[in-house]
Amino acid sequence: DTAPYLSPDGQSLIFSSNRSISTGEGRKKNLWQSNRMLDAWGEPKPLPFPINVDTLGDYHGGITAKGSIYFASYNRLGGYGRSDIYRSKYDEEGNLRVENSGPSVNTGNSESDVYIAPDEEYLLFASTDRDDSFGADDIYISFLQADKSWSTPKNLGPEVNSFAYEYGAWVDEESGYLYFNSFRR
């Protein structure tokens, strides 16, 4: 169990796990959710299809105030690269839909470690080997535009990124602090 992400209202927890969803399934990452029930957390349940699909992994999920879930998926059919960022939401008929975040966010390499602002105003993620990278994986920010597409991602610069791997960005919305992981020494 890794990469926990608490919903903005504190009532739902999404996390990645290689728990088996069904008998005979191989050990791969899927997204799971547990909901708060009074003073305790409910039994975790795997998120439904089309979020969890038969790929090598669906992981690093984040949830918005309106309930949209952003996540990374490895080798999903129709993707741009090894690992892309997707968004799930319910349509007007109540059907769960998953859409790729598009070519401005996703490249032929790997994007993962999603942080989505509660209001979906911006997206933070780790990306591998972009032209403006300082090294291994760097953290980027992209803003939701009026046409609902994502802006060209901007590298967060040398104050955050280094020659090493940076990933797992998370923002404390109250204080404005950015937290992240790094392999630098």
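In this predicted model, G57 stands opposite Y74 in β7. Between them the hairpin has five residues, and within it G67 takes a positive phi near 95°.

From β7 the sheet continues to β8. Here the strands are again antiparallel, with six bridges joining β7 to β8. A72 belongs to this pairing, and its bridge partner in β8 is I85. Strand β7 spans residues 69–74, and five of its six residues are buried, so the strand is largely enclosed by the rest of the structure. Strand β8, which covers residues 83–90, pairs in turn with β9 in the antiparallel sense over five bridges. In that pairing Y90 has L96 of β9 as its bridge partner.

Put together, these pairings give an open sheet of four strands in the order β6-β7-β8-β9, with antiparallel pairing. The edges are held by β6 (57–63) and β9 (96–100); each has a single partner strand, so one side of each is left without a neighbour in the sheet. On average, and with direction ignored, neighbouring strands of this sheet are turned by 30° against each other. In a regular strand, side chains alternate between the two faces of the sheet.

Just where the chain leaves this sheet, another glycine deserves a look. G102 is found in the loop between β9 and β10. With a relative accessibility of 11%, G102 counts as buried. Its C-alpha atom is separated by 8.3 Å from that of I85, a residue 17 positions apart from G102 along the chain. I85 is also the β8 residue that bridges to A72.

Strand β4 (residues 40–41) is joined to β3 by two bridges, and the two run antiparallel. The bridge partner of R36 in β4 is W41. β3 and β4 form a hairpin with two residues between them, and L38 in the turn has a positive phi of about 55°.

Aromatic side chains form another theme of the model, with a count of ten aromatic pairs. Y165 and F183 make an edge-to-face pair, 5.7 Å centre to centre with 65° between the planes. Y165 lies in the loop between β13 (154–155) and β14 (166–171), while F183 lies in the segment after β15 (178–182), so the pair ties together parts that are 18 residues apart in sequence. Y165 is partly exposed, with a relative accessible area of 42%, whereas F183 counts as exposed at 51% relative accessibility. W170 and Y179 form a tilted pair, with 5.9 Å between centres and 40° between the planes. Both residues are partly exposed: W170 has a relative accessibility of 41%, and Y179 has a relative accessible area of 43%.

Ring pairs also link Y5, Y115, Y122 and F143 into a cluster. The charged end of R76 sits over the ring of Y86, 5.0 Å from its centre. R130 lies over the face of Y140, at 5.1 Å from the ring centre.

Two or more lining residues come from each of β1 (2–6), β6, β10 (111–116) and β14. Of these, β1 gives the most, with five residues.

Methods:
Residues are numbered from 1 along each chain as its sequence is written. This is a predicted model: local features need pLDDT of at least 70, side-chain atom pairs count only at pLDDT 80 or more; totals for chains, interfaces and linings use all residues. Side-chain values use heavy atoms; hydrogens and water are left out. Two strands pair if DSSP finds at least two bridges between them. Axes are lines fitted to C-alpha atoms, for helices over the stretch in contact, and angles run from 0 to 180 degrees between N-to-C directions. Rings of Phe, Tyr and Trp (its six-membered ring) pair if their centres lie within 6.5 Å; planes under 30 degrees apart count as stacked, over 60 as edge-to-face and the rest as tilted. Buried means under 20% relative accessible area, exposed over 50%, partly exposed in between (1.4 Å probe, protein chains only). A charge sits over a ring if NZ of Lys or CZ of Arg is within 6 Å of the ring centre and within 35 degrees of the ring normal.
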